[in-house]
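Notebook open, structure loaded. I'm jotting down what I look up as I go.

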Amino acid sequence: KSDYYVVSNVDTMLEKHPEDKLLVIVKDLGIKSLILYPLKNGNEYLGILEITSRKAGVFNRINANLLTEITPLLEESIYRYSVDFENQINAYIQTEYTSLHPSVEWKFRQKAKDHIINATNTKQKSQISFQNVYPMYGEVDVRNSSMIRNQCMKTDYLNQIDYLIKICEELYSRKNKDKFLDYISTLQDFLNRIDNVDKIYFETELFDYISLHIHPEIPKYAKEGEKSILEKYLKKLDTTTGLFYVERKKFDQSISMMNSLLANKLDAFQQDAQAIFPHYYERFKTDGIDYNLYIGRSISPHKKFSYNEVKQIRYWQLQATIALEHAYKGIQKKMPLKMEVASLIFATNSTLDILFKMDEKRFDVNGYNNAKYEIIKKRINKAYIKDSDERINQPGKICIIYSEDVLREEYTAYLNTLIEKKYLKNDIEYLEIDDLQGISGLLAIR
């Protein structure tokens with residue numbers, strides 16, 4: 001349940017639950033009272049903090065709440081250690097056993113053989129690259145994800161401050177201490193500031209104020225088993241971070257659900273694309289997924305290759321995009337937050353070279369002209385239709401961005417086939433894209 005576990009009196013609890021193996025072990029160790037507190041990073045368990053006493057009645061749920069002040073520090077330290085340790089493991093694996101996409105593994109094996117056979121050769125290791133490959137790019141992206149994330153954060157802080165103001169009013173009515181009026185005044189100020197901004201720039205200031213001044217007061221007045229606004233508020237806090245984590249949790253869970261679904265589906269569909277012609281494939285999870293394909297004779301030189309294979313994989317990409325959209329629609333109602341996605345494909349007939357970067361252990365485009373392709377990729381999902389304020393990629397539509405006129409005819413043929421098969425509606429749009437920074441002349445089909 002991700003909650004801490006408190007036994008105030010081990011002997012009394014053991015009388016009620018004599019079958020409890022944990023309590024038997026604890027009693028044998030001479031422990032009379034204990035807290036077990038789960039340490040987490042997000043949904044990942046890092047370990048369990050054990051605090052014990054040889055005296056009965058030392059710990060209860062009220063003073064266990066005080067641990068929320070220090071556990072984030074412990075969790076941060078343990079997480080940092082575990083990440084460092086994991087990085088060391090990965091560094092060793094990458095040095096000795098780099099995991100490679102099957103389509104390019106042959107070239108690495110070839111280079112490794114050359115190096116081992118000619119071990120006395122002191123020349124620098126030759127670089128691994130593939131020339132004249134056709135790049136394809138696609139993404140299924142959450143529309144306005146930054147705005148949704150900010151709104152969730154804003155809602156959480158507004159609700160948290162509302163709770164804390166009511167708590168301070170309750171505590172003032174009980175104890176008549178002026179400091180609670182001061183807290184109310186400061187919280188009202190935060191409330192006014194949040195109402196007047198789209199993005200919360202003073203998040204740390206607010207969190208620090210609540211953590212230092214108000215949270216330490218609550219356990220002093222919270223009574224175990226009491227159904228009050230204090231108890232109701234404590235249940236809203238994330239046990240790991242101490243944050244008021246309600247709307248943001250819905251956002252994180254929704255993104256996680258969507259990314260897992262889309263990534264798994266695309267990886268499965270990839271088998272069909274590899275059967276057309278072996279090609280390099282890489283995929284990334286962001287607020288949605290994006291992926292790169294590189295297809296060319298140099299990647300599989302022993303197989304017959306022509307432009308026809310490029311066309312088949314382009315047609316596969318359109319079908320895969322439709323399937324991903326359908327899969328997302330299938331889970332959309334089950335997600336904690338309603339989100340729309342927009343699909344985008346970037347197509348070009350300009351081939352480029354990709355080079356394996358030894359320091360990053362991944363492929364990247366090689367050379368200045370090829371770098372332009374990467375620049376276009378990073379900017380197109382924020383592009384607008386020429387002379388309008390409408391974004392080019394819209395939920396419910398597939399957007400194909402291209403720069404060569406010949407691709408208009410090619411993609412229209414694919415789309416007409418999919419329209420005939422009832423996968424798409426018959427409403428093709430041909431559009432011009434507003435100039436982007438350093439980029440002009442792009443066109444789109446929706």
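Predicted model: local features only at pLDDT ≥ 70, side-chain atom pairs only at ≥ 80, totals over all residues.

Where does Ile70 lie? I find Ile70 in the loop between helix H3 (61-64) and helix H4 (71-97).

**Surface entry.** Ile70, Leu74 and Ile78 make up a nonpolar patch on the surface, and together they have about 210 Å² of accessible area.

Next I went to strand S10, residues 398-402. Five of its five residues are buried, so I noted the strand as mostly covered, with the cut-off at under 20% relative accessible area. I also looked at which way the side chains go. In a regular strand they alternate between the two faces of the sheet. In S10, Ile398, Ile400 and Tyr402 point one way, while Cys399 and Ile401 point the other way.

Then I looked up the neighbours. Strand S7 (residues 341-347) pairs with S10 in the parallel sense, over five bridges, and Ser343 stands opposite Ile398. Strand S12 (residues 443-445) pairs with S10 in the antiparallel sense, over three bridges. There, Tyr402 has Leu443 as its bridge partner.

**Cysteine entry.** How many disulfides does a search of the whole structure find? The search comes back with zero. While there I checked two cysteines. Cys399 sits at 0% relative accessibility, so it counts as buried. Cys168 is at 1% relative accessibility and therefore counts as buried too.

**Aromatic entry.** I counted ring pairs and got 14 aromatic pairs. One of them is Tyr4 with Tyr37, which is stacked at 5.5 Å centre to centre with 15 degrees between the planes. Tyr4 lies in the segment before strand S1 (5-7) and Tyr37 in strand S2 (residues 33-41), so this pair ties together parts that are 33 residues apart in sequence. Tyr4 and Tyr37 are buried.

Phe190 lies in helix H7 (residues 178-195) and Tyr209 in helix H8 (residues 203-214), so the pair ties together parts that are 19 residues apart in sequence. Both Phe190 and Tyr209 are buried.

Notes: Residues numbered from 1 in each chain as written. Heavy atoms only, no water. Buried < 20%, exposed > 50% of the residue type's maximum accessible area, 1.4 Å probe, protein only. Helix = DSSP H or I, 4+ residues; strand = E, 2+ residues; numbered from the N terminus. Pairing = 2+ DSSP bridges. Disulfide = S-S within 2.5 Å. Patch = residues over 30% accessible without salt bridge, like charges linked within 9 Å, V, L, I, M, F, W, Y side chains within 5 Å. Areas by Shrake-Rupley, 256 points an atom, 1.4 Å probe, with all protein chains shown as cover. Salt bridge = Lys/Arg side-chain N within 4 Å of Asp/Glu carboxyl O. Phe/Tyr/Trp six-rings, centres within 6.5 Å; stacked < 30°, edge-to-face > 60°.
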